[in-house]
Amino acid sequence: MIEKREFYINGEWVSPLAGRDCEVIDPSNEEPCAVISLGGTEDTNAAVAAAKAAFEDWSQTDPEVRLAYVEKIRDIYVERAEDMSKAISLEMGAPIEMSRASQTTSGTWHIDNFITAFKNFEFLRPLGPHAPDNRIAMEPIGVAGLITPWNWPMNQVTLKAIPALLTGCTMVLKPSEIAPLSSIVFAEIVHAAGVPAGVFNLVNGDGVGVGTDLSTHPDVDMISFTGSARAGAAISKAAADTFKRVCLELGGKGANVIFADADEKAVVRGARHCFNNTGQSCNAPTRMLVERSIYDQAIETAVKVAESTKVASAHLDGNHIGPVVSAAQYEKIQGYIQKGIDEGARLVAGGVGRPEGLNRGYFVRPTVFADVSNDMTIAREEIFGPVLSIMPFDNEEEAIAIANDTNYGLTNYVQSQDGAKRNRLSRRLRSGMVEMNGQSRGAGAPFGGTKTSGRAREGGVWGLEEFLEVKAISGWDPAAE
Ligand code: NAD
């Protein structure tokens, strides 16, 4: 059993001032695997005070100095990749091989992309030739509260902590109380890199406690949040009185529009993507819209993918999917599967209950519903489990209308070999991202959404800008530059 009750504040590991114990549950066997502390207001205050005190010096450092710290963090992150992969696998149930190949490496990918963006970033820019004595300065916003979820823990932590460090912000990270172990490893990495005391602080806690304390704290200048729409709305309201910047990365209900002329792997790819990480990805393509002429064939293929997707403990080697993260998520997903049946969708693979042979652990059967209509609950709400909804469409306009008929707007997907059609669709789908023919976004592309998916843009140049204030300066002396 791992015991890690301390918080990382002002450059050292300190005992909680007001903490209470909280068990971390291994979702593969439902057993406690670690004990952490959930902090109280005094802990948040201490961390914010440390971050505030460190801001003046850190914000004034030469950008090259900050870059050197981040490069050091990257090196140590790579050295500690196995510790990180084990922590993620244990806390949230990603199978160990997938944890190594995707979860941990998503962090390295983001750090690398931020380094590239930073090297070309202009913190001081001319306004234009019409105003030679004007400059636009991009300046760190101040103390940032970073609140992260459990599903891609290092993906989210690196998307926030690295740009905050690079831009000269100081910060308090509150990771998910369900998956805090990877963030503890991350704090050890930041410490080993020698980042000055107070610049990066970690306080474990829950949303009601440390999450709310950060959102309402007068000395916190911004909250960068990834998680549910419910918590995103609560944070926006809580942060209003202190006029914080609030950046929200929330859920999704991505449409995957598959035309009859799609490549032959399109349905397999879409179903696998939906089940990846046991369906616990905000950008999962959970609504598969299929052109009617290939509809029956697509259902058959998706069923084969579901039935051949192995489900097993996160601790076993192999390319299976693991459990979902918690008892609460398990129950929620079971409720959605039942609701799909009750509302008249055609269950063609999976269903309620655990997969055969698995009696303990939060394991869910990879499930496919056909003949889903877009007003059913399973088509409207984010399930966050391995559940795919398939529905037919007759023409391009209808596909666009169904895809856009959702409160969410994170990632939509298009599969067609007709380039002109793909280009049209990419501009008409209302979402922050559109990925087509299995091509993922390039390095440094912004991640984020519209509507209930939140409106943050993380990663690359846009991810740096989220942590910066824009200052307009006139009367600048170009000769003295
Ligand atoms: P959650 O909203 O319950 O928790 C996320 C974090 O917010 C946790 O650290 C939690 O402690 C904290 N929190 C909860 N309530 C809070 C409050 N009132 N004030 C302050 N903090 C609060 O979400 P979750 O269950 O951990 O994560 C799953 C959700 O995250 C899904 O909806 C998923 O789609 C979304 N997500 C979005 C993205 C994205 O980039 N758009 C990425 C990953 C996950």
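## Ligand surroundings and helix packing

In this predicted model, an oxygen atom of the ligand lies 2.6 Å from a polar side-chain atom of Glu382. Two further residues, Thr148 and Lys174, also place polar atoms by ligand oxygen atoms. The table lists these contacts.

| Residue | Part of the residue | Distance to a ligand oxygen atom |
|---|---|---|
| Glu382 | polar side-chain atom | 2.6 Å |
| Thr148 | polar backbone atom | 2.7 Å |
| Lys174 | N or O atom in the side chain | 2.9 Å |

The ligand taken alone exposes 840 Å², of which the protein buries 90%. Its shell comprises 30 residues, the closest being Thr148, Glu177, Ser228, Leu250 and Glu382. By class, the shell contains 13 nonpolar, 11 polar and 6 charged residues. Helix 7 (207-216), strand 11 (222-226) and helix 8 (229-240) each contribute at least two residues to the shell. Helix 8 supplies the largest share, with 4 residues.

The second topic is a pair of helices. Helix 3 (residues 81-92) and helix 6 (residues 181-192) have axes that come within 8 Å and cross at roughly 160°. Angles over 145 degrees count as roughly antiparallel, and helix 3 and helix 6 are therefore roughly antiparallel to each other. On the side of helix 3, the contact is formed by Asp83, Met84, Ala87, Ile88, Leu90 and Glu91. Helix 6 contributes Leu181, Ser182, Val185, Phe186 and Ile189. This contact between helix 3 and helix 6 has 8 nonpolar, 1 polar and 2 charged residues.

How values were computed
Residues numbered from 1 in each chain as written. Predicted model: local features only at pLDDT ≥ 70, side-chain atom pairs only at ≥ 80, totals over all residues. Heavy atoms only, no water. Near = heavy atom within 4 Å. Polar contact = N/O pair within 3.5 Å; in protein donor to acceptor, adjacent residues only side chain to side chain. Areas by Shrake-Rupley, 256 points an atom, 1.4 Å probe, with all protein chains shown as cover. Nonpolar A, V, L, I, M, F, W, Y, C, P; charged D, E, K, R; others polar. Axes fitted to C-alpha atoms, helices over the stretch in contact; angles between N-to-C directions. Parallel < 35°, antiparallel > 145°, perpendicular 65-115°, else oblique. Contact = heavy atoms within 4.5 Å.
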